[in-house]
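My plan was to look up a few things and write down what I found.

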Amino acid sequence: GAGVSQSPSNKVTEKGKDVELRCDPISGHTALYWYRQSLGQGLEFLIYFQGNSAPDKSGLPSDRFSAERTGGSVSTLTIQRTQQEDSAVYLCASSLGGFDEKLFFGSGTQLSVL
Amino acid sequence: AQTVTQSQPEMSVQEAETVTLSCTYDTSESDYYLFWYKQPPSRQMILVIRQEAYKQQNATENRFSVNFQKAAKSFSLKISDSQLGDAAMYFCAYRSARGNEKLTFGTGTRLTIIP
């Protein structure tokens, strides 16, 4: 696609429910990142994929958070038993990989947990 | 672990004037990359400018330039001839050149342009 696409754009859920956030990276981009942006905060790294593997998942805040990537393309971030503190914007980015490659960001998913 | 600090939560500047946004970072590495990203209300992060630590020359992109002081671990962004479209959140970010490819971000500076 022309850019990184994330869906849904906005998600409202009730505490305790599970949610899935989707990221479609730019075609051909092997590296994919998930970040979380809480109100008034910077971007917090969650997980990094190279192809379908996740060499760095050190940022996942708890075992309620998981992510997968299939076919070296689409990625899904799943949050189980959502809590109010999970409310944030979840941003996805992709790149061609390599140290010198520019990251392209999507417009994020605004998650609100009531 | 690397940290990035932006000490100015908010800044404002008159249209057509110049403004400087501050950023400091902490690292034990000698080779890395530094970035400034802009985030408008659309939420999409847009790369403004990038600096390689091994380059002594400060990066410039049109009206945007940086003052990179490696010894002081300082990386400020100067916006010249400010325009209404420059209003956004600006984030400073660090990226290791050693294999850990994630970006570490500061908490951001909200820039307001006064007409």
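The entries below go from the fold of one chain to the interface, then to single residues.

**Entry 1: the model.** I note at the start that this is a predicted model. What I write about local features is therefore limited to residues with pLDDT of at least 70.

**Entry 2: the fold of chain B.** I looked up the secondary structure of chain B and found 0 helices and 12 strands. Reading along the sequence, I wrote the pattern as β-β-β-β-β-β-β-β-β-β-β-β. I then checked the radius of gyration of chain B, which is 14 Å. The globule rule gives 13 Å for 115 residues, and the two values are close, so chain B is as compact as a globular protein of that length. Along the principal axes, the C-alpha atoms of chain B fill a box of roughly 45 × 30 × 20 Å.

I also asked what share of the 115 residues in chain B is buried. The value is 50%. For contacts in chain B between residues at least 6 apart in sequence, I found that 55% join residues at least 24 apart.

**Entry 3: the interface.** Next I looked at where chain B meets chain A. The contact takes 28 residues from chain A and 22 residues from chain B. The two chains bury about 2,000 Å² between them, with 48% of that area on carbon and sulfur atoms. Which residues of chain B lose the most area to chain A? They are B:Arg43, B:Glu101 and B:Lys102, and together they account for 32% of what that side buries.

I searched this interface for salt bridges and the rule finds 0. For polar contacts between chain B and chain A, the count is 7 residue pairs, both residues being at pLDDT 80 or more. On the side of chain B that touches chain A, the elements giving two or more residues are β5 (32-39), β6 (46-52), β10 (88-96) and β11 (103-105). I sorted the residues of that side by type and got 8 nonpolar, 7 polar and 7 charged.

**Entry 4: salt bridges.** How many salt bridges does a search of the whole structure find over all chains? It finds 7. I wrote down some of them.

In chain A, A:Asp24 forms a salt bridge with A:Arg22, and their closest N and O atoms are 2.8 Å apart. A:Asp24 is partly exposed at 23% relative accessibility. A:Arg22 is also partly exposed, with a relative accessible area of 38%.

In chain B, B:Arg50 forms a salt bridge with B:Glu52, the closest N and O atoms being 3.2 Å apart. B:Lys55 forms one with B:Glu52 too, at 3.9 Å between the closest N and O atoms. Is B:Glu52 buried or exposed? B:Glu52 has a relative accessible area of 10%, so I count it as buried. B:Arg50 is partly exposed at 25%, and B:Lys55 is partly exposed at 39%. Shared partners join B:Arg50, B:Glu52 and B:Lys55 into one network of salt bridges.

**Entry 5: the loop between β9 and β10.** I turned to B:Asp86, which lies in the loop between β9 (74-79) and β10 of chain B. Its relative accessible area is 3%, so B:Asp86 is buried. Leaving out residues up to four places away in sequence, I listed what B:Asp86 touches: B:Lys38, B:Arg63, B:Phe64, B:Ile79, B:Asp81, B:Leu111 and B:Ile113.

B:Asp81, one of those contacts, is found in the loop between β9 and β10 as well. B:Asp81 is partly exposed at 39% relative accessibility. I recorded a positive phi of about 50° for B:Asp81, which is not a glycine.

**Entry 6: backbone angles.** Most residues other than glycine have a negative phi, and most peptide bonds are trans, so I looked for exceptions. Besides B:Asp81, noted above with its positive phi, I found B:Lys73, with a positive phi of about 55°. B:Lys73 sits in the loop between β8 (64-69) and β9 of chain B and is partly exposed at 26%.

A:Pro8 is in the loop between β1 (5-7) and β2 (10-13) of chain A.

How values were computed:
Residues numbered from 1 in each chain as written. Chains lettered and ligands numbered in written order. Predicted model: local features only at pLDDT ≥ 70, side-chain atom pairs only at ≥ 80, totals over all residues. Heavy atoms only, no water. Contact = heavy atoms within 4.5 Å. Buried area = accessible area lost by both parts, 1.4 Å probe. Salt bridge = Lys/Arg side-chain N within 4 Å of Asp/Glu carboxyl O. Polar contact = N/O pair within 3.5 Å; in protein donor to acceptor, adjacent residues only side chain to side chain. Helix = DSSP H or I, 4+ residues; strand = E, 2+ residues; numbered from the N terminus. Nonpolar A, V, L, I, M, F, W, Y, C, P; charged D, E, K, R; others polar. Rg over C-alpha atoms; globule rule 2.2 N^0.38 Å. Buried < 20%, exposed > 50% of the residue type's maximum accessible area, 1.4 Å probe, protein only.
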